[in-house]
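Please look through the following report on a protein model, which is written for a reader who is new to protein structure. It takes up strands, helices, nonpolar cores and charged pairs in turn.

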Amino acid sequence: MLRWVLLALLIGLCASAGEQKAKKKVKSQSLSRGWGGGINWAQNYEDGLAKMAKSQKPLMVIHHKDNCPHSKDLKKAFVADKTIQKMAKEDFIMLNVVEETSDKNLAPDGYYVPRILFVDPTLTVRTDITGKYSNHLYTYTASDIQGLADNMKKAKVPLHSEL
């Protein structure tokens, strides 16, 4: 009888440990939303701005929807591109959002997805860094991934504020 009790306790402990590991993985996945697990993602816009101010790295804001086929395709290309993943990890404060932020400056030409904008450490939204589409200036598709990489390189160069 004692063996059965000890066995039940051992099984219970193992199951509990596995559940805790799963919870940690879910939290990490929830911030990345599939855009790159090795990237340190900001929790929200305010968190991203705070991290940007502290690090002096630009903030990259990805607006997307989980059920949007264009967002899904861009996400796959974003994750597959090693150069983009490296820059995202090392050179940017990263934020991906499925709900709009309160900052209207992050929708200079409207609310659509996918939409990617950059914010300079001077708190300037880089409206000068655009994709190739004239009707949705800040959208990118999976086939535009090299253009996105080029724009990330542009965004790494800080704006100089006038004195």
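This is a predicted model: local features need pLDDT of at least 70, side-chain atom pairs count only at pLDDT 80 or more; totals for chains, interfaces and linings use all residues.

## An enclosed strand

Strand β2 covers residues 93-97, and 5 of the 5 residues of this strand are buried, so β2 is largely enclosed by the rest of the structure. As a general rule, side chains in a regular strand alternate between the two faces of the sheet. In β2, I93, L95 and V97 point one way while M94 and N96 point the other way, and all of these residues are buried.

Strand β2 is joined to β1 by 5 bridges, and the two strands run parallel. Within this pairing, N96 in β2 has I62 standing opposite.

## A helix with one buried face

Helix α2 spans residues 45-55, and its buried residues are Y45, G48 and M52. Viewed down the axis of α2, these buried residues fall within an arc of 55°, so they line one face of the helix. In general, an α-helix has 3.6 residues a turn, so residues three or four places apart point the same way. The strands against which the buried residues of α2 pack are β1, β2 and β3.

Both ends of this helix have a detail to look for. At the start of α2, a side-chain oxygen of N44 comes to within 3.2 Å of the backbone nitrogen of E46, and after the helix comes Q56, whose phi is positive, near 65°.

Nonpolar side chains tend to be buried together in soluble globular proteins. The largest nonpolar core of this model has 22 residues, of which M60, F78, M94, F118, L148 and M152 touch the most other members. At least two residues of this core are supplied by each of β1, α3, α4, β3 and α5, and the largest share, 5 residues, comes from α5.

Which residues does F118 contact, leaving aside its neighbours within four places in sequence? The contacts of F118 include L59, M60 and F92, as well as Y140, L148, N151, M152 and A155.

## Salt bridges

Side chains of opposite charge can pair when their charged atoms come close. How many salt bridges does a search of the whole structure find? The search finds 6, and one of the pairs is formed by the side chains of K156 and D91, with a distance of 3.2 Å from N to O. Because K156 lies in helix α5 and D91 in helix α4, this pair ties together parts that are 65 residues apart in sequence. Both residues are partly exposed, K156 with a relative accessible area of 36% and D91 with one of 23%.

A salt bridge is also found between D144 and K132, whose side chains meet at 3.1 Å, N to O. D144 and K132 are 12 residues apart, and each is in the loop between β3 and α5. D144 is buried, at a relative accessible area of 7%, whereas K132 is exposed, at 59%.

R126 and D128 form a salt bridge as well, their closest N and O atoms being 2.9 Å apart. Here R126 counts as buried, at 6% relative accessibility, while D128 counts as exposed, at 52%.

Terms used
Residues are numbered from 1 along each chain as its sequence is written. Side-chain values use heavy atoms; hydrogens and water are left out. A salt bridge is a side-chain nitrogen of Lys or Arg within 4 Å of a carboxyl oxygen of Asp or Glu. Helices (H or I, at least four residues) and strands (E, at least two) are DSSP runs, numbered from the N terminus. Buried means under 20% relative accessible area, exposed over 50%, partly exposed in between (1.4 Å probe, protein chains only). A nonpolar core is a set of buried Ala, Val, Leu, Ile, Met, Phe, Trp, Tyr and Cys residues joined through side-chain atoms within 4.5 Å. Contact means heavy atoms within 4.5 Å. The arc is that of the directions from the helix axis to the C-beta atoms. A polar contact is a pair of N or O atoms within 3.5 Å; within protein, one must be able to donate a hydrogen and the other to accept it, and residues adjacent in sequence count only if both atoms are side-chain atoms. Two strands pair if DSSP finds at least two bridges between them.
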